[in-house]
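Dear colleague,

I am passing on the structure that follows, and would be glad if you read my notes beside it.

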Amino acid sequence: MLVLLSFVLKKETTFYQRRASKILSIIVSFFSSTYVIKWKEFFSQKELTVPPSFHSRVISCASMEVLQAYLLWRQTECHISNQYNTCLWRLVFSGKSEKEAKEILKGTQKQEQNELLFQQFGINYKDLPQIFRQGSCAVKIKVDDIVKYREDGTPVKRPRKKAVIVHSENVATKRFWNNYTCLTEELGSLAEGINKIKPEYLRSFQFESRLMLSTWIVVRVDGCHFHRFCEDNGFQKPNDEHALKLMNSCAVSLLEMFKDIIFAYGVSDEYSFVLKKDSLFYQRWSSEIVSAIVSLFSSMYVMKWKEFFPEKEFKEPPYFDGRSVCYPSSEILRDYLAWRQVDCHINNQYNTCFWLLVKSGKSRTEAQSCLKGTQTQEKNELLAKFGIDYNALPTIFRMGSSVFRDTDEPTGNERVVVEHCNIIETSFWKEHPRILNEEEPLLTILRPHSNKMLRLS
């Protein structure tokens with residue numbers, strides 16, 4: 001089953017400062033987490049064994065006319081795909097192979113498919129559930145909630161907006177639009193119905209960029225509002241080892257599933273995934289790469305939660321944002337990773353001091369004031385007063401986690417490992433030269449059988 005959803009943001013939105021990478025990654029992450037959390041509501045007898053992963057892109061509709069055409073296009077595609085698939089699977093269930101069924105349907109149009117369904121299977125296509133034929137619309141309606149009751153028993157109501165699911169034969173019409181005041185108030189009014197759409201024209205509004213060839217791609221995933229998430233779920237301060245190991249487990253799964261990811265470094269609620277220099281993952285489309293990685297990471301986080309927190313339930317779905325950066329050389333890439341590990345040390349040392357002060361009786365404001373302007377040596381001296389040697393703290397807290405493929409010496413098999421080591425020094429990279437092994441230039445690899453060069457457009 002192919003799942004396609006479009007989320008429309010109002011024209012004047014400043015959601016995450018309109019940064020495309022932030023918007024698409026946050027929406028796909030929240031959707032992925034929520035999908036896994038809600039699975040049991042709809043499939044109570046089925047275990048979710050494979051993490052769902054979605055990818056996303058941003059389309060900037062320049063006018064209401066473009067938005068109207070886009071919605072009509074998506075709903076038309078819904079009808080065409082559903083009618084074809086209904087015919088295909090009816091033929092398969094009747095004994096045909098998929099290949100035979102596709103051959104029968106090759107070149108057929110709407111009327112021919114309707115006749116096939118009715119004559120061979122007694123199905124009137126228009127009698128199929130609306131959700132299959134028309135898709136679904138989530139819109140906001142205004143409702144009055146009872147917030148309390150007065151002494152005489154009369155209710156006190158407060159208006160709010162509530163999301164509901166509706167179905168319509170044509171969502172791109174003025175008639176449908178005008179039934180929901182939130183649509184006209186927040187998005188604007190539609191023109192009279194349109195009949196013809198040009199998908200090529202609509203695709204021209206897609207915000208897209210291809211990442212530079214022959215560069216290391218780093219996708220950095222960061223937790224959104226994780227301070228609140230940690231508080232809500234009672235994570236230990238300053239570090240929760242179970243939470244860190246959950247993040248590591250998700251990173252391991254990504255390296256196992258996406259072979260183009262060759263290294264990952266994580267600390268706190270962030271992870272940086274390094275894709276090999278000659279990667280053609282999603283043809284190097286930035287939005288596809290970022291959203292696929294963020295989506296899978298989010299799904300894995302929810303699916304693995306009970307392994308690390310068997311007694312805890314989510315209060316709110318966790319979600320992450322992502323961004324991609326290209327690094328032209330392994331030296332600059334190592335500088336980036338060194339920066340993240342230095343940041344790990346600085347933040348961990350500060351937080352270790354901060355929470356010791358808070359637990360000793362100081363307020364958070366007082367603890368911040370005590371630490372203001374202090375350097376590494378001064379923080380170490382403060383920790384010593386509490387009987388703590390910073391260098392003796394667990395390496396997972398001080399150095400973060402490095403995830404990469406290594407060879408198991410007894411068997412010779414490749415496996416994904418997690419280590420807590422110094423990646424700032426060159427010694428780590430010398431010990432593991434395969435990680436950043438620079439292969440032939442990408443353009444040479446892409447040379448076809450002829451003497452001509454293949455060009456990526």
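A residue is called buried when its relative accessible area is under 20%, exposed when over 50%, and partly exposed in between, with a 1.4 Å probe and protein chains only. By that rule, 42% of the 457 residues of the protein chain are buried.

Please note that this is a predicted model, in which local features need pLDDT of at least 70 and side-chain atom pairs count only at pLDDT 80 or more, while totals for chains, interfaces and linings use all residues. Residues are numbered from 1 along each chain as its sequence is written, and side-chain values use heavy atoms, with hydrogens and water left out.

The chain has 17 helices and 10 strands, taken as DSSP runs numbered from the N terminus (helices H or I, at least four residues; strands E, at least two).

Leaving aside residues up to four places away in sequence, Ile 293 is in contact (heavy atoms within 4.5 Å) with residues including Val 219, Leu 254, Phe 273 and Phe 281.

Among the residues that α12 and other elements give to the lining of the second largest pocket, α12 gives the most, with 8.

Kind regards
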